[in-house]
Amino acid sequence: MDISTKKSQNTDEAPPPAAPPTQAEQKRAARGATRPGDRIFLGLSRGSGILLLVIMAAIAVFLTYRATLAISKDEANFLTAFEWNTNLIPPKFGIAVLAFGTVVSSIIAMAIAVPIAVAIALFLTHYAPRRLSGPIAYVIDLLAAVPSIVYGLWGALILVPQMDGLFGWLNNYLGWTGIFSWDEGAPRSMLTVGVLLAIMILPIITNVSREVFRQVPQTHEEAALALGATRWEVVRMAVLPFGRSGVISASMLGLGRALGETMAVATVLSPDFDIHASLLNPGGGTFAQNIASKFNEATEFGRDALIASGLVLFVITLLVNGAARAIIARRKEYSGANA
Amino acid sequence: MAKRIDVSGLTAYYGSHKAIEDISMTVEPRSVTAFIGPSGCGKSTFLRTLNRMHEVTPGGRVEGKVLLDDEDLYGHGIDPVSVRREVGMVFQRPNPFPTMSIFDNVAAGLRLNGNFKKSELQDIVEKSLKGANLWNEVKDRLNKPGSGLSGGQQQRLCIARAIAVEPKVLLMDEPCSALDPISTLAIEDLIGELKERFTIVIVTHNMQQAARVSDRTAFFNLAAVGQPGKLIEIDDTERIFSNPSVQATEDYISGRFG
């Protein structure tokens, strides 16, 4: 069999027909000739992409490894314990308070910042005269550039004393809910942190929303106008629906900053390791604030425990981003991108 | 229902630039009037002064009178928003709201104008889509987004949206210029039906289209680039295309310039 095929090949006098180009070859040919510049650029961009993945993997491996070291020795329930005693033998620590504080302060910040940011962006793009919108946009850019420790100092020295009045008012009228009751302590509480975070994330949400609203096609706004829509109705019919997914993305950028904000929270909050029903009484903590406050004095094991809490923050951030993408994708066929 | 438009001495500006100058004309109710003329002659600008859309453009300003029956659209205390509810508009590029379903697109204007019961809305949407010759193509997918339709269907959707609020006048700014010949034919047929109920003004670059759909034709021209556009003449379409009274019109129609 083997021999016979060989023989037949040898006796074949016609030259072998050229094999038709494979799909891969056709693809390569379609790209055209490559010059050194092409190859260098391809290498650089591919290398950068790979580098990013390697860094992400390295961080994930590092976090997971150190976190496992700590969690495996934890005598308390890591997810539900209300304490952080890494120096005890055996150590007992849990992230419940930190998760609660991080989520609550971020929710407060978002609840305050998103509506204001969207309103500012709408004002700048659809109401303000052009002479005014330029300078205002510039000031908002400046706000984004202020370092977070400066926000923290401002918060501790200016904002905290000013919160007394608001806290008193909330306590008087809404104290009965429990959420807004106040025992007259220094207002270094979750609500103050939320307000400060709101101010810090306002610029980024405003800027991204402004860009999105600016891109609303003129034709959509004219369609609404021609139907007899007032300016607000144009915003509601054409601008907001078009900008919806963009505003969600903008909010997620802001939320990312709020979740991870460290120095400003650490400067303003008066932390403890308990969950308080009231947003006005001091106490609680966030992941980032807790790491910053404890890291310097922590033992090797204590640091591992803090890294474990950082891993949880990492996971929460991933979940939030995933949820946002899901929201955007859910009504994709209605998005302005199809227009 | 359809109303007469009576324009006198209308001049429109973009900032300090005078775009059209001293235009006067009368448009009869239940008729189709076509505006033709070279690019930049101000026919679209003039169209947009008829529903006060011109002043939406930054720097847009209008002098003169536009009477809708006896009411001056530029009169003291007249709200441009209420003018646009009386004078509907269809644009050059189909522009259904991308975030709304077909049903919601047609209902958009109605929802602005007041509270309708759901059954009333359904009736009007169906009637408007039938009026725009689109009902049979979309009746099974009213809840799908309007952006999924073909260009010609989208433009008929926009027409349905405009006529749903029962305007007195329907303005069309080159409604077929982004469409293929078959979709164009569908729109032209539709214009013929709509003129039974509305006063229609249509801007077109296509002179055969003007000849096919309109009862009266207005020819606009400008002396030179940078000069304001002017109305050269308006007459019965038949006469404009066979025996116009101004030489410039004949030159334009016979393709000698423009």
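The UniProt record, in an unreviewed entry, lists residues 99–324 of chain A as "domain: ABC transmembrane type-1". The structure discussed here is a predicted model. The points below turn to chain B.

**Overall form of chain B**
- Chain B contains 10 helices and 10 strands.
- The radius of gyration of chain B is 18 Å, close to the 18 Å given by the globule rule for 258 residues, so chain B is as compact as a globular protein of that length.
- The C-alpha trace of chain B spans about 55 × 45 × 30 Å along its principal axes.

**Burial and contacts in chain B**
- Of the 258 residues in chain B, 48% are buried.
- Among the contacts in chain B with a separation of 6 or more, 68% are between residues 24 or more positions apart.

**A pair of helices in chain B**
- Two packed helices are described by the angle between their axes and the distance between the axes.
- In chain B, the axes of helix H3 (residues 102–113) and helix H4 (residues 118–131) come within 10 Å and cross at roughly 110 degrees.
- Angles of 65 to 115 degrees count as roughly perpendicular, and H3(B) and H4(B) are therefore roughly perpendicular to each other.
- From H3(B), the residues B:Phe103, B:Val106, B:Ala107 and B:Leu110 meet B:Leu121, B:Ile124, B:Val125, B:Ser128 and B:Leu129 of H4(B).
- The contact of H3(B) with H4(B) comprises 8 nonpolar residues, 1 polar residue and no charged residues.

Notes
Residues are numbered from 1 along each chain as its sequence is written. Chains are lettered from A and ligands numbered from 1 in the order in which they are written. This is a predicted model: local features need pLDDT of at least 70, side-chain atom pairs count only at pLDDT 80 or more; totals for chains, interfaces and linings use all residues. Axes are lines fitted to C-alpha atoms, for helices over the stretch in contact, and angles run from 0 to 180 degrees between N-to-C directions. Helices (H or I, at least four residues) and strands (E, at least two) are DSSP runs, numbered from the N terminus. Angles under 35 degrees count as roughly parallel, over 145 as roughly antiparallel, 65 to 115 as roughly perpendicular and the rest as oblique. Two residues are in contact if their C-beta atoms, placed from the backbone, lie within 7 Å. Ala, Val, Leu, Ile, Met, Phe, Trp, Tyr, Cys and Pro count as nonpolar, Asp, Glu, Lys and Arg as charged, and the others, Gly among them, as polar. The radius of gyration is taken over C-alpha atoms; the globule rule is 2.2 Å times the number of residues to the power 0.38. A residue is buried if 20 or more other C-beta atoms lie within 10 Å of its own, exposed if 12 or fewer, and partly exposed in between; C-beta atoms are placed from the backbone. UniProt positions are given in the numbering used here, feature names are shortened, and annotations may be inferred rather than shown by experiment.
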